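Colleague: I'd like to learn how to read salt bridges in a model. Can you walk me through some?

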Amino acid sequence: MADSSSAAPHHIAIVMDGNGRWATRRFLPRLAGHRQGVESLRRCARACVERGVGVLTVFAFSSENWNRPADEVSGLMDLLAKALAREVPQLHKDGVRLHFVGEKAGLSDSVREGLAQAEAVTAQNTRLVLNVCFNYGGRWDIAQAAASLVQRGEPITEQGLNAAMSLAHVPDPDLLIRTGGEMRISNFLLWQCAYSELYFSECLWPEFDEAALDAAIAAYAGRERRFGKTSAQVRKAS
């Protein structure tokens, strides 16, 4: 393992893209790619723990993904239920705290219960916060935050919106990774990634391994994060 712990960002967000293409290239059904993607997520979460990353946020199912073929959507829901039953005990053992972020109204009762149970079981863990964005969209997130402020009779301010966002329990991502070769963020964490470093990998998500993660972390470590300041100001502050 590369020694990237000193350079590791605190919060990494990932658009896990390329599961379907990985399967298609192997003449497999698309759902086989999603199954392999679960294996990659397990591997990535463990690697983040080893590298000292504090928060990992992944885009598992977007609000737009409901427009995919019905059999694929149904298969994804079934895969989620099975993955929860299989993966949560090990994640709990590894010290991972699970949060499921997104609109839960469209999910079945059994899926919602599974998500709530996984969150409850892992609630006291501290080694890694794993946010799984499921039925999530960045525009939805901003809209629900604004709506919650209005409902409480509070003014819509930047500080208020930030506190009402669905990821208010963690700092904003330092590094946003997208796999699969596409160069867009696809309605993911629009508010939270205002100053995130972006990294695009040609790896399809099922192929994204520890070496690929280390390459992303190394690229991040070589960048200067100015947050609107000049390079001279940043160097002086450090």
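Colleague: Which residue does Asp 214 form a salt bridge with?

Modeller: A salt bridge is a side-chain nitrogen of Lys or Arg within 4 Å of a carboxyl oxygen of Asp or Glu. Here Asp 214 pairs with Arg 51, and the closest N and O atoms are 2.6 Å apart. This pair links distant parts of the chain, 163 residues apart: Asp 214 sits in helix 7 (residues 210-221), and Arg 51 in the loop between helix 2 and strand 2 (55-62). Helices (H or I, at least four residues) and strands (E, at least two) are DSSP runs, numbered from the N terminus.

Colleague: And how far can I trust that?

Modeller: It's a predicted model, so local features need pLDDT of at least 70 and side-chain atom pairs count only at pLDDT 80 or more, while totals for chains, interfaces and linings use all residues. Residues are numbered from 1 along each chain as its sequence is written, and side-chain values use heavy atoms, leaving out hydrogens and water.

Colleague: Is Arg 51 buried or exposed?

Modeller: Buried means under 20% relative accessible area, exposed over 50%, partly exposed in between (1.4 Å probe, protein chains only). Arg 51 has 1%, so it counts as buried, and Asp 214 is buried at 11%.

Colleague: What about Arg 42 and Glu 39?

Modeller: Their closest N and O atoms are 2.2 Å apart. Both lie in helix 2 (residues 30-50), three residues apart, about one turn of the helix. Arg 42 is partly exposed at 25%, as is Glu 39 at 29%.

Colleague: How many salt bridges does the structure hold?

Modeller: There are 12.
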